[in-house]
Amino acid sequence: MNNRTTIYITNFLRNLVLIITDFLLPKEKKIRQLEGLGSNGLFEMIPRADNFDFETNKIKAIFNYKTTLCRQAIWEIKYRANRKLIQDFSLILYEYIIEELADLETFNNFRNIILVPIPSSKNRQREKGFNQCVLIARELIRIDRQRKEKNFYLLENFLLKKVDTPHQTKVSNRKKRLENLKNTFSVNLEVLPKGEISNYSFIIIDDVITTGATMRESFCTLQTAGISLNKIRGFALAH
């Protein structure tokens with residue numbers, strides 16, 4: 001049995017256990033309440049994030065992660081791949097991005113847009129069986145196509161994580177977080193559709209921004225690959 005088959009079977013069994021557990025054991029009341037809010041309810045109940053990217057204003061987050069309701073929801077997305085909450089939050093994120101794109105297309109020629117999820121390391125991917133940022137990006141594409149639009153495309157393996165670093169929440173301060181992430185990403189130009197890289201614009205998708213170190217390092221990696229800063233934006237569910 002090769003490594004890829006082993007990983008597939010492990011992930012399948014892990015997901016099967018989650019499905020059976022959810023069926024046999026009722027979800028906690030607070031999670032059921034979160035799922036029952038829907039996208040409109042979540043948008044009304046959770047406070048907005050403060051603006052934190054004062055330098056470039058190119059990185060946006062919707063919700064305030066410090067609120068209990070937001071933390072609970074993001075935890076479900078990040079560690080349980082809660083399908084209902086991924087759908088609801090992605091719908092909010094989709095509408096937020098589309099609103100932002102109206103100005104970007106007009107003033108920055110922000111076209112031929114590719115969604116780039118923040119990657120997980122191979123070890124973390126194996127542990128969890130999924131990358132929540134990829135799931136969010138896939139849902140954004142699903143919503144877009146359901147509306148018969150082609151506002152953007154998805155490249156799941158364009159931004160890669162080269163090394164397995166400690167999780168950012170386990171790193172004590174901003175300086176160490178920056179050092180923790182330095183030179184950890186790379187760009188896989190082989191998956192880029194035909195044409196010059198300068199013809200494309202890129203939206204980086206993350207679930208939570210804490211200090212912004214991960215998002216800024218991904219910006220630097222794309223710029224090193226020859227992508228203009230004006231053709232890069234970052235969006236997250238919460239900060």
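This is a predicted model: local features need pLDDT of at least 70, side-chain atom pairs count only at pLDDT 80 or more; totals for chains, interfaces and linings use all residues.

Me: How do you know that the length of helix H8 agrees with its number of residues?

Reply: Helices (H or I, at least four residues) and strands (E, at least two) are DSSP runs, numbered from the N terminus, and the expected span of a helix is 1.5 Å times one less than its number of residues. For the twelve residues of H8, residues 213–224, that should give 16 Å, and the end C-alpha atoms are 16 Å apart, so the two agree. H8 is followed by Gly 226, whose phi is positive, near 105 degrees.

Me: Why is Thr 67 called buried, and why is Tyr 96 called partly exposed?

Reply: Buried means under 20% relative accessible area, exposed means over 50%, and partly exposed lies in between (1.4 Å probe, protein chains only). Thr 67 has a relative accessible area of 18% and is therefore buried, whereas Tyr 96 has 25% and is therefore partly exposed. Thr 67 is found in the loop between strand E1 (59–63) and helix H3 (68–80), and Tyr 96 is found in helix H4.

Me: Which residues does Tyr 96 touch, not counting residues up to four places away in sequence?

Reply: With contact meaning heavy atoms within 4.5 Å, Tyr 96 touches Lys 60, Ala 61, Ile 62 and Phe 235. Tyr 96 and Ile 62 are 34 residues apart in sequence and 8.1 Å apart in space, C-alpha to C-alpha.

Me: What makes E1 largely enclosed by the rest of the structure?

Reply: Five of the five residues of E1 are buried, so E1 is largely enclosed. Two strands pair if DSSP finds at least two bridges between them, and E1 and E7 pair in the parallel sense over four bridges. In E7, the bridge partner of Ile 59 is Gly 234.

Me: Why is the link between Glu 76 and Arg 80 called a salt bridge?

Reply: A salt bridge is a side-chain nitrogen of Lys or Arg within 4 Å of a carboxyl oxygen of Asp or Glu, and the closest N and O atoms of Glu 76 and Arg 80 are 3.7 Å apart, so the pair qualifies. Both residues lie in helix H3, four residues apart, about one turn of the helix. Glu 76 is buried, because its relative accessible area is 7%, while Arg 80, with 32%, is partly exposed.

Me: Where do the partners Glu 156 and Arg 138 lie, and why does their pair tie together separate parts?

Reply: Glu 156 forms a salt bridge with Arg 138, the closest N and O atoms being 2.7 Å apart. Glu 156 lies in the loop between strand E3 (152–154) and strand E4 (159–161) and Arg 138 in helix H6, so the pair ties together parts that are 18 residues apart in sequence. Glu 156 is partly exposed at 30% relative accessible area, and Arg 138 is partly exposed at 43%.

Terms used: Residues are numbered from 1 along each chain as its sequence is written. Side-chain values use heavy atoms; hydrogens and water are left out.
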